[in-house]
Amino acid sequence: MDIYNAGVGEELAVLRKTAVPVTEFNDELQKLIDIMIESMIENKGIGLAAPQIGDNRRVFVCSIDGSEPLVFINPEIIETSMETWIYEEGCLSLPGIYADVERPERVKVQAWNRKGRPFKVEADDLLSTCIQHELDHLNGVLFVDYLPEKKKLKFLKKLEKVNTKK
Ligand code: NI
């Protein structure tokens with residue numbers, strides 16, 4: 001499955017949309033989740049959100065260090081730590097772009113799993129960053145949005161250039 005690229009106009013427009021809550025936990029949703037996990041692994045990502053493959057539902061997956069992928073449906077952050085930490089983030093939708101982003105070090109998230117059962121998870125460090133980054137995707141937010149405007153525009157321009165050359 002092709003990952004949507006922020007350097008392509010129509011694909012960026014999809015990445016900028018706010019995703020809608022999942023209402024049906026049907027076979028079709030299971031298929032979407034399987035495709036997302038496959039795409040994440042194939043592309044060596046640690047997380048992937050549905051809008052990145054052109055689906056506008058509130059679903060993302062995370063897998064740190066090859067661990068069993070976690071599936072988050074209709075996720076919500078219910079607690080964040082005061083402490084922050086900085087991690088050099090990247091994104092499958094912004095290939096070749098990396099930058100330090102400061103986020104809360106720990107988060108508590110409430111979501112539904114693929115079977116439609118609610119769960120809560122407390123995450124720190126990399127998993128916390130991954131969850132926050134992926135949840136941002138569901139709100140049309142990209143990690144470059146946290147950078148100074150000039151730097152962000154420079155990165156987006158660079159992506160655009162790479163894609164028009166193809
Ligand atoms: Ni991303």
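Author: Gladly, and let us begin with one residue. Leaving out residues up to four places away in sequence, Arg 103 touches Glu 83, Thr 84, Trp 85, Glu 89, Thr 129, Gln 132, His 133, Asp 136, Phe 143 and Tyr 146. Please keep in mind that this is a predicted model.

Reader: What makes these residues count as touching Arg 103?

Author: A contact needs heavy atoms within 4.5 Å. The residues listed for Arg 103, among them Trp 85 and Tyr 146, meet that condition. As for its place, Arg 103 sits in strand E5, residues 99–104.

Reader: Why is Arg 103 called buried?

Author: Buried means under 20% relative accessible area. Arg 103 has 3% relative accessibility, so it counts as buried.

Reader: What makes helix H3 mostly covered?

Author: Of the 14 residues in H3, 11 are buried. Those buried residues include Ser 128, Cys 130, His 133 and Leu 138.

Reader: How do you know that the length of H3 is close to what is expected?

Author: Helix H3 covers residues 125–138, which gives 14 residues. From first C-alpha to last it reaches 21 Å, close to the 20 Å expected at 1.5 Å a residue. Just after H3, Gly 140 takes a positive phi of about 75°.

Reader: Where do Asp 65 and Asn 74 lie, and are they buried or exposed?

Author: Asp 65 is in the loop between strand E2 (59–62) and strand E3 (70–80). Exposed means over 50%, and Asp 65 has a relative accessible area of 76%, so it is exposed. Asn 74 is found in strand E3. With a relative accessible area of 15%, Asn 74 falls under 20% and is therefore buried.

Reader: Why is Asn 26 called partly exposed?

Author: Asn 26 has 29% relative accessibility, so it counts as partly exposed. You will find Asn 26 in the loop between helix H1 (9–15) and helix H2 (27–42). Asn 26 and Cys 62 are 36 residues apart in sequence and 21 Å apart in space, C-alpha to C-alpha.

Reader: Why is Leu 15 called buried?

Author: Leu 15, in helix H1, has a relative accessible area of 0%, which is under 20%, so Leu 15 is buried. Neighbours within four places in sequence aside, Leu 15 is in contact with Tyr 4, Asn 5, Ala 6, Pro 51, Gln 52, Ser 93, His 137 and Gly 140. Leu 15 and Ser 93 are 78 residues apart in sequence, and their C-alpha atoms are 8.6 Å apart in space.

Reader: How do you know that the radius of gyration of the whole chain agrees with a compact globule?

Author: For 166 residues, a compact globule would have a radius of gyration near 15 Å, and the protein chain has 15 Å, so the two agree. Along its principal axes the C-alpha trace spans about 45 × 40 × 30 Å. Of the 166 residues, 43% count as buried.

Reader: What elements make up the protein chain, and in which order do they run?

Author: The protein chain has four helices and seven strands. From the N terminus on, they run α-α-β-β-β-β-β-β-β-α-α.

How values were computed: Residues are numbered from 1 along each chain as its sequence is written. This is a predicted model: local features need pLDDT of at least 70, side-chain atom pairs count only at pLDDT 80 or more; totals for chains, interfaces and linings use all residues. Side-chain values use heavy atoms; hydrogens and water are left out. Helices (H or I, at least four residues) and strands (E, at least two) are DSSP runs, numbered from the N terminus. The radius of gyration is taken over C-alpha atoms; the globule rule is 2.2 Å times the number of residues to the power 0.38. Buried means under 20% relative accessible area, exposed over 50%, partly exposed in between (1.4 Å probe, protein chains only). The expected span of a helix is 1.5 Å times one less than its number of residues.
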